[in-house]
Amino acid sequence: MSFSGATPEGAPGDHPLLHGLDPAQREAVTTQGQPLCILAGAGSGKTRVLTRRIAYRAATGALLPSHVLALTFTRRAATELNRRLVTVGVRDQVAAGTFHATAWAQLRGLWADRDERAPTLLDQKVRVLHALLPRRGSGEVAPADVAGEIEWAKARMVGPDAYATAVVAAGRRPLLPAGVIASIYARYEDEKRRRRLVDFDDLVILCAEALETDAGFAAAQRWRFRHLFVDEFQDVNPAQHRLVEGWRGGRPDLCVVGDPDQAIYAWNGADPSYLTGFSARLEGATVVNLDSNYRSSPQILAVANAVLDTRRAPGALDLRPTLAAGAVPDVVAFPTDADEAAGVARALRRHHGAGRPWAEQAVLARTRAQLVIFEEALRAVGVPCRLRGAVSFLARPEVAEVVADLRRRPPGSPLAAAIADVRLAARAADPSGADASAGGDAEMADAEAVSDTVVETGATGAGPGAAAERQASLQELVRMMGEQLALDPRAPVAGFLTWLTAALRGDNPDGSGDAVTLSTFHAAKGLEWPVVFLTGLEQGLVPVGRATTPEARAEERRLLYVALTRAQRELHCSWAERRRFGAHTMARSASPWLATVEAVVDSLAGSASTAAAGPDWREHLDRSRAHVRGLTDGPRSRGDSARTRGGSGTRTRAAGCVEVGERADPAMLAALRSWRAGAARAAGVPAFVVLHDATLAVVAEARPGDRHALLALPGVGPVKAERYGEALLAVVANAGAA
């Protein structure tokens, strides 16, 4: 499809919408290639590129915003997309929303056209499943576990009859026998039909089926939404992909954005091959790579890239740093999980100060249960914190009151008329008389930014700014009503209220005010903070114990990469040697991937005094990362292997073997390993925490004679040299004299 119209500035490169973009970003915004796949690495500006592409195509006459459908995985992402479109001049409402909310809006329109009564949306499967589950012993099987199995099946479009076969084929191990779950699944579907209920998974499948079987419905939707944009395409599952194809109808006007290195939802049905195989699947597709990172310091990127270097996803990007050199990340081992929480709390207080709000810091952990001890430790020392997912937007008093009023309206009341009443309620929420909606474009943009902040922080209650926060909450509700009207102009109030439930599905509003964020790795995706504490980096948590297959472990590795790339300026990693689980305290070992992290940290620390910002620093990082590709991942089970890439291609080597130090004297290496074993026992830590095999091999080969020579070796930084340097040099001298 060629662009029509002329740009106001003449040549495409002069267009204001292209200002500030790097060459790859410009290509992604301006290319006429369709279908288009934008592979956007962490911090590469994907949302900026997505909004600029929509705005640029609108400005050049290639599309009308009212015919755009932009699909996201959270309402927060849809809100941010619309807000940014306003700031770049797209004033017409683009239809942006989640798969579930968009499908629900379209299905309600279809049922209205057919004069059919819409079914009731079931917000939680457990409401129906609880009565269907078998008793086992004195207790019950958790309904949430069975709900998870049903969701897994529906994401793959597997019905009750095929569930047992699919589970065996996938190597999945549900808590109940597959046949039992298949029976519950079938009765669950029967009960929904009897009570005229649909769940969230049904919305995607029903809409896809309608597009495939109802020619009139399909034609109307494809006319309305001629230009499709899909964010986070690596997270699309088979059912959602079927729906995208139904909307597309074979047309080329499709733009997807994603990153295979951030594919972390396979357990929930996501299939990243739709992204990685995009060009092979769609004839004539164009692929643009965004591999410049504008978020994290080079040191943080060196660690993150190294974690993935041995297990790259197909089509993965090797992120290039653009920022100046920053602080070297660190790794700390604490005696217990309580010590870890207390230590992190102290560090958070040290980092907080003039000009550094609490909100610039985050504590991330693999599981939600790990965050409880941090919440307690932070509150005990007066550090304000918010736990993502702890507050519901609909539970805020001002929102609940308005929603209750909307529910009391007569059936069929038009949503468009109700918006005016909610706007009045928003004005009344601020006694000062401020009315964000009454101002000009700049004031509206500011009000929307405040509203975004409230939605993502869950700010409520009394105190300074409470009135403005209440008003912002209601302004957010107004905007959501506008989103529904963009999807369904005839929507009644009742339809909006059920759409609202679908739109909020999966969002995780936070606590209030200026506070440190506590979040799981998964919930942190899409967010960033100047200072990040990565905690609980232990075997059994990172990777999580249930990740037993190569595919699951690869996803866990990508999840760690996602967590690492949330950090902008500072990154602090930690683990505990003993951790309490319920009434029991258990000895722990460091994550096997911490060896790679420590290798990079040692290398960075050893050269930090001589490294300078700019090209020289980036060349040093390239050398460091190339060295790390040859390092072992740390402790592995017997027979496990590591993969490394060299000039001759990809090859396999046994765990523990290294490319550097292969000429090391065996006797020298044995002496060094014996010393390391004693040092590890004395410190009560795994041997690789003292020094990993690769570093020992380098020392054995180089035979340093003094501290200066020791510091010149890769993998030996000032911290290691200070702690073990004298002993290491003594071992080298004694073994060399033998």
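## Surroundings of Leu 71

Leu 71 touches Gly 97, Thr 98, Phe 99, Thr 102, Phe 229, Val 230, Asp 231, Val 244 and Trp 247, leaving aside residues up to four places away in sequence; a contact means heavy atoms within 4.5 Å. The residue belongs to strand β2. Leu 71 is buried, at a relative accessible area of 2%, where buried means under 20%, exposed over 50% and partly exposed in between (1.4 Å probe, protein chains only). Between Leu 71 and Glu 232 the C-alpha to C-alpha distance is 9.0 Å, although 161 residues separate the two in sequence.

## Model and confidence

This is a predicted model, in which local features need pLDDT of at least 70 and side-chain atom pairs count only at pLDDT 80 or more, while totals for chains, interfaces and linings use all residues. Residues are numbered from 1 along each chain as its sequence is written, and side-chain values use heavy atoms, with hydrogens and water left out.

The mean pLDDT of the chain (the predictor's confidence in each residue, from 0 to 100) is 79, and 77% of the residues reach 70 or more. In residues 431-466 the pLDDT is below 50; this stretch has 62 contacts in the model beyond near neighbours in sequence. Residues 609-617 also have pLDDT below 50, with 8 contacts beyond near neighbours in sequence.

## Strands β2 and β3

Strand β2 (residues 68-72) pairs with strand β3 (residues 95-98) in the parallel sense, over 4 bridges. Two strands pair if DSSP finds at least two bridges between them; helices (H or I, at least four residues) and strands (E, at least two) are DSSP runs, numbered from the N terminus. Opposite Ala 70 stands Ala 96 in β3. From β2 the chain passes through helix α3 (residues 75-87) to reach β3, in a right-handed β-α-β crossover. Right-handed here means that, with the strands pointing away from the viewer, the path from the first strand over the helix to the second runs clockwise.

## Salt bridges

The whole structure holds 39 salt bridges, each defined as a side-chain nitrogen of Lys or Arg within 4 Å of a carboxyl oxygen of Asp or Glu. In one of them, Asp 253 pairs with Arg 57, with 3.0 Å between the closest N and O atoms. Asp 253 sits in the loop between α11 (238-248) and β9 (254-258) and Arg 57 in helix α2 (residues 46-59), so the pair ties together parts 196 residues apart in sequence. Asp 253 is buried at 9% relative accessibility, and Arg 57 is buried at 2%.

Asp 199 forms a salt bridge with Lys 125, the closest N and O atoms being 4.0 Å apart. Here the linked parts are the loop between β7 (197-198) and α9 (200-213), which holds Asp 199, and the loop between β4 (120-121) and α5 (126-129), which holds Lys 125; the two residues are 74 apart. Asp 199 also meets Lys 192 in a salt bridge, at 3.3 Å from N to O. The relative accessible area is 0% for Asp 199 and 2% for Lys 192. Lys 125 is buried as well. A network of salt bridges links Lys 125, Glu 151, Lys 154, Glu 189, Lys 192, Asp 199, Asp 201 and Asp 202.

## Cysteines

The structure holds 0 disulfides, a disulfide being a pair of cysteine sulfur atoms within 2.5 Å. For Cys 37 the closest cysteine sulfur is in Cys 255, at 8.4 Å, which is too far for a bond. Cys 37 is buried, with a relative accessible area of 1%. Cys 573 is buried at 2%.
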